[in-house]
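Subject: Structure handover

Hello,

Here is the structure I promised you. Please open it alongside this message.

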Amino acid sequence: MTATTEGLQLRTGSRLLTNLVELLSSMRFAISLLTVICIASVIGTVVKQHEPLNNYVNQFGPFWADVFSTASLFSVYSAWWFLLILAFLVLSTSLCIIRNTPKIFSDYTAFKENIREQSLKSFRNRAQNSLQELPQTAAHRIGQTLVASGWKVKLQSRETPDGQGWMVAAKKGVANKIGYLAAHSAIVLICIGGLLDGDLIVRAQMWFNGKTPFTGGGMIADVPAQHRLSPSNPTFRGNLLVTEGTTADTAILAQPTGVMLQDLPFSVELKKFIVEYYDTGMPRLFASDIVIHDHETGEKKEARVEVNHPAQHRGINIYQSSFDDGGSKVTLQALPLGRSGASFEVSGVIGSSTALASGDDKLKLEYVGLRVINVENFSQPAGTDGADVRKVDLRASIESRLGAGHKTVTEKTLRNVGPSITYKLRDAAGQAVEYHNYMLPVELDGDRVYLLGARETPSEPLRYLRIPVDDQDGIEGFVRLRAALADSTQREEAVRRYAEGAVEPGRPELTEALMASAQRALALFAGAEASPAPAGGAVPDDLLPRGGLPSVSGFLEANVPEAEREKASDVLVRILNGTLFELLQVSRERAGLKPLDRSDDTQAFMAKAVLSLSDSFYYPAPLIFMLKDFQHVQASVFQVARAPGQTIVYIGCLLLIVGIFAMLYVRERRVWVWLAPQGTDASEASMALSSNRKTMESDQEFELLKTQLLKVTA
């Protein structure tokens with residue numbers, strides 16, 4: 001009874017193992033794995049990999065960012081489940097190859113000459129005919145004909161009741177079977193190469209050698225050994241940043257929870273980073289002239305690294321990945337916006353910061369980036385030509401002039417607009433706004449303007465404030481006018497001059513009335529007088545107009561009937577334009593400059609300045625920092641990789657091409673001709689052809705063989 005139970009257990013265990021192997025080596029299991037891998041690859045392509053967590057929080061929100069992070073969707077190709085699926089795919093495909101290889105090779109070498117005569121009658125392509133030849137003679141003739149056409153032939157004689165018969169068995173295109181093995185072997189090799197060149201080896205060292213990702217900061221040389229990988233590490237892929245004139249020998253390997261440091265057996269010195277441009281201003285070439293210093297031998301080897309043209313040393317490839325700022329020195333000129341005060345200069349290095357005091361506010365100026373070349377698209381957006389600036393839709397004006405400008409563009413017009421500076425102003429609470437200002441004025445729609453960009457989060461597009469150039473092609477004239485608008489004394493002087501110039505002498509009551517209207521309009525525009533809330537309910541204070549044209553519009557909506565609003569708006573706009581022109585003259589006099597005449601250039605400047613002044617109330621900083629001077633220092637970002645699986649993957653790709661070509665374009669065909677004796681000098685021939693694919697070519701080939709071998713005429 002015990003032996004019977006043990007035998008039952010053995011048979012049950014054997015059956016379970018057989019079923020498991022059957023499942024793992026089945027086609028449906030492999031296709032399921034490939035489907036999951038394809039879906040994961042799509043996710044890894046759509047979702048940017050190895051970005052800072054804050055970027056994902058801004059993009060997906062805190063909840064989904066945490067869910068996706070738990071599922072390792074931000075590092076798909078190094079996720080444990082992705083590597084596990086690859087391992088199962090290797091196992092499944094390998095079992096499939098092991099199961100089918102003996103059968104394939106047996107089928108590859110076999111001619112199947114033992115097929116019976118009755119079986120030939122079941123083939124779709126079959127034929128019979130009487131030959132005036134002995135079976136042996138006919139067999140040799142048919143065999144020679146097939147050999148001459150590239151067939152492999154085997155002859156077999158058989159004894160029959162009527163005498164000796166002959167079977168001619170031939171095959172062609174059996175490489176189709178090899179294509180199956182080549183394609184499946186290619187999948188195994190590519191997956192193994194991917195596992196070797198992925199994070200599997202690095203993960204293994206973290207699991208078994210006590211290595212842990214580094215999450216702190218400081219100097220690379222001070223990072224402890226448990227966060228470093230040996231120069232003999234068999235496989236890795238990381239980034240190496242080298243500033244011009246310096247050397248580096250430690251690559252950074254990004255991990256989901258930090259970074260690993262990979263020590264290299266050599267140092268890379270960047271002599272010069274080279275950028276060449278097309279006539280349009282678009283980059284044509286990125287290259288780095290480097291010197292490789294070998295740590296063991298002391299050898300120095302010069303090389304140039306270009307995109308798609310890496311350098312190689314000690315089995316490690318050095319690719320040109322990107323470029324970055326290497327610590328450029330910049331000098332910025334700070335201009336007060338909206339208040340009086342002297343401008344000042346501040347200097348710093350990209351990546352550093354400077355503490356500032358703006359009144360009672362404590363700000364920190366962070367130097368984010370310097371771009372020496374800016375190639376921008378200056379195409380005319382559809383539907384924007386012919387706009388009348390006098391017909392001001394205030395909300396549309398604010399959104400279009402400060403907004404991102406998402407409009408349909410008909411044709412690209414690329415132009416280099418010169419250097420720009422990116423910086424952040426961070427308040428005492430840690431909240432920061434990013435700014436992007438161009439050093440030189442840019443010509444837009446025939447007007448030369450300075451572009452001052454701002455955004456509160458990296459996920460937002462930049463919104464630009466356009467400031468027209470003054471008579472000296474600078475920004476100072478607008479800054480003086482903006483400061484004068486915030487000065488009540490200068491506003492009063494401008495109102496007085498406007499009223500006296502607009503009213504004939506001897507009419508003091510009209511002068512006083514005009515002064516009152518002009519003073520009210522200018523105060524509303526300057527934000528010195530509260531604008532009433534629009535009809536329809538209460539609006540939070542931070543959403544009320546804070547000055548500019550929206551304040552003037554709000555005043556009209558609250559105090560003027562709708563039927564008279566258009567006429568009153570035209571009158572108020574003329575008064576506002578006149579007082580602002582006088583305010584410009586007052587600001588120039590106080591700066592010791594000559595007054596401007598009423599030329600076309602001055603009128604054009606004032607038309608643009610009115611809109612820019614209105615937009616400036618929504619600029620989120622009290623200071624403008626303009627790039628005055630810089631000393632550009634560049635850095636190259638190299639990708640350094642030791643990839644032992646690269647050769648394996650190349651072999652796999654070659655096998656995959658061969659296998660797919662063999663399976664799709666090579667047709668396996670087999671021909672059998674049975675020659676039975678008929679009388680003393682004749683034979684009865686029965687012929688059949690089989691093919692792994694039913695095609696018109698197979699039918700045509702059969703008709704040709706029937707004519708050649710059996711002498712059958714149509």
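Below is what turned up, helix by helix.

First, a caution: this is a predicted model.

Helix 5

Start with helix 5, residues 80-109. It has 30 residues. From first C-alpha to last it reaches 43 Å, close to the 44 Å expected at 1.5 Å a residue. Helix 5 also has a kink of about 40°, at N100.

Helix 5 against helix 8

Helix 8 covers residues 175-197 and packs with helix 5. The axes of the two are 9 Å apart, and the packing angle is about 155°. An angle over 145 degrees counts as roughly antiparallel, so helix 5 and helix 8 are roughly antiparallel to each other. The residues of this contact divide into 18 nonpolar, six polar and two charged. The crossing of helix 5 past helix 8 is left-handed.

Helix 8 against helix 17

Helix 8 has another contact to look at, with helix 17, residues 645-665. Here the axes come within 7 Å. They cross at roughly 155°. Helix 8 and helix 17 are therefore roughly antiparallel to each other. By class, their contact has 16 nonpolar, nine polar and one charged residues. Helix 8 passes helix 17 in a left-handed crossing.

Helices 3 and 4

How do helix 3 and helix 4 cross? Helix 3 is residues 53-60, and its axis crosses that of helix 4 at roughly 125°. The two axes come within 7 Å. That angle makes helix 3 oblique to helix 4. The crossing of helix 3 past helix 4 is right-handed.

Aromatic pairs

How many aromatic pairs does a search of the whole structure find? The search finds 20. One of them is W64 with F68, a tilted pair. Their centres are 5.7 Å apart, with 35° between the planes. Both residues sit in helix 4, residues 62-70. W64 and F68 are four residues apart, about one turn of the helix. In general, an α-helix has 3.6 residues a turn, so residues three or four places apart point the same way.

Helix 15

Last comes helix 15, residues 562-590. Its 29 residues should span 42 Å at 1.5 Å a residue. The end C-alpha atoms are 41 Å apart, which agrees. Helix 15 has a kink of about 30°, centred on A568. After helix 15 comes G592, with a positive phi near 80°.

Best wishes

Terms used:
Residues numbered from 1 in each chain as written. Predicted model: local features only at pLDDT ≥ 70, side-chain atom pairs only at ≥ 80, totals over all residues. Heavy atoms only, no water. Expected span 1.5 Å × (residues − 1). Bend = angle between axes of the 7 residues up to and from the residue. Axes fitted to C-alpha atoms, helices over the stretch in contact; angles between N-to-C directions. Parallel < 35°, antiparallel > 145°, perpendicular 65-115°, else oblique. Left-handed = near helix turned anticlockwise from the far one by under 90°. Nonpolar A, V, L, I, M, F, W, Y, C, P; charged D, E, K, R; others polar. Phe/Tyr/Trp six-rings, centres within 6.5 Å; stacked < 30°, edge-to-face > 60°.
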